[in-house]
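Dear colleague,

I am passing this structure on to you, and my notes on what was found in it follow below the display. Please read them with the model open beside you.

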Amino acid sequence: MDFSFQDLSGTFSVADIAIAMALSFVLSAMIGWVYRATHRNVSYSQSYVQTLVILGMLISLIMLVVGSNIARAFALVGALSVVRFRNAIKETRDVGFVFLVMGVGMAVGTRFYLLAVVAAVTISLIIMIMHRFNWFQLNVRRQVVKVQVPSDEDFTQAIQDVLVRHTDEFELVSMESIRAGALMELMYTVKIKKGHEPADVIAALRERNHGQSVTVLTGYDQTDL
């Protein structure tokens with residue numbers, strides 16, 4: 001009994017379909033687990049990982065449908081161009097995983113099975129190694145200091161004197177009039193010196209701004225008095 005399907009792009013058997021679907025599922029699921037294991041932030045989404053698996057299998061299916069038929073490829077591009085996604089990608093690495101499963105799905109769908117397996121395993125191992133050894137981390141903690149001062153005096157020099165004592169570097173990024181012009185809010189990006197704490201900066205600044213609000217925002221926490 002012949003289970004082959006004949007179309008304009010050539011012939012592929014039921015075995016080809018089964019292999020493509022199974023292999024794209026296994027490799028996409030492996031990539032999904034790698035994403036889950038290496039994710040650091042709180043923006044993890046189960047639906048996103050499930051979509052990665054579905055996308056890998058879908059791309060494999062699309063490549064089977066397209067085959068080597070150029071006209072069909074252009075028709076498929078036109079059909080898919082009407083699809084619009086409203087959910088924004090939260091992290092740049094998420095885009096990388098999307099392209100990874102797409103590449104693997106394309107390799108499987110065009111029956112480059114060995115290429116798909118080697119590429120998926122190799123890239124996944126590289127991602128795990130970068131995660132394990134924390135490659136390319138920049139050990140620089142920068143903070144944002146927001147100081148509110150009365151608008152009837154110039155407190156810029158007094159504030160900068162405090163920042164010179166407590167920070168290695170600082171930069172004024174904005175000045176804003178608040179509370180109907182009664183106060184000015186100055187915002188600085190700073191790098192607090194080793195051995196100094198945000199609380200030290202807050203205490204010193206409050207001595208200079210007549211007890212108005214001082215806020216220090218860090219990459220890990222927020223101190224506000």
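Helices (H or I, at least four residues) and strands (E, at least two) are taken here as DSSP runs and numbered from the N terminus. This is a predicted model, in which local features need pLDDT of at least 70 and side-chain atom pairs count only at pLDDT 80 or more, while totals for chains, interfaces and linings use all residues. Residues are numbered from 1 along each chain as its sequence is written, and side-chain values use heavy atoms, with hydrogens and water left out.

I begin with helix α1, which spans residues 14-38 and contains Thr38. Buried stands for under 20% relative accessible area, exposed for over 50%, and partly exposed for what lies in between, with a 1.4 Å probe and protein chains only. Because its relative accessibility is 3%, Thr38 counts as buried. Its side chain is joined to that of Arg93 by a polar contact of 2.8 Å, a term for a pair of N or O atoms within 3.5 Å, where within protein one must be able to donate a hydrogen and the other to accept it, and where residues adjacent in sequence count only if both atoms are side-chain atoms. Neighbours within four places in sequence aside, Thr38 is in contact (heavy atoms within 4.5 Å) with Arg93, Phe97, Ile127, Met128 and His131.

The unreviewed UniProt entry annotates residues 12-35, 47-71 and 112-133 as "transmembrane region"; such positions are given in the numbering used here, feature names are shortened, and annotations may be inferred rather than shown by experiment. Over residues 112-133 the model is 91% helix and 0% strand, with 32 Å between the end C-alpha atoms.

Next come the aromatic rings. Rings of Phe, Tyr and Trp (its six-membered ring) pair if their centres lie within 6.5 Å, and planes under 30 degrees apart count as stacked, over 60 as edge-to-face and the rest as tilted. There are five aromatic pairs in the structure. One of them, Tyr35 with Tyr44, is stacked, at 6.3 Å centre to centre and 25° between the planes. Tyr35 counts as buried because its relative accessibility is 1%, whereas Tyr44, at 35%, counts as partly exposed. Phe170 and Tyr188 form an edge-to-face pair, at 6.1 Å centre to centre and 70° between the planes. This pair links distant parts of the chain, since Phe170 lies in strand β4 (residues 167-178) and Tyr188 in strand β5, 18 residues apart. Tyr188 is buried, with a relative accessible area of 0%, while Phe170 is partly exposed at 29%. Tyr35, Tyr44, Tyr48 and Phe97 form one aromatic cluster.

How are the strands joined? Two strands are said to pair if DSSP finds at least two bridges between them. Strands β4 and β5 run antiparallel and are joined by ten bridges, with Met175 standing opposite Leu186 in β5. They form a hairpin with four residues between them, and Arg179 in the turn has a positive phi of about 55°. Strand β5 (residues 183-192) is also joined to β3 by eight bridges, again antiparallel, and Leu186 is the bridge partner of Val147. Strand β3 (residues 143-150) is mostly covered, with six of its eight residues buried. Four bridges join β3 to strand β6 (residues 214-217), running antiparallel, and here Lys146 stands opposite Thr215.

With best regards
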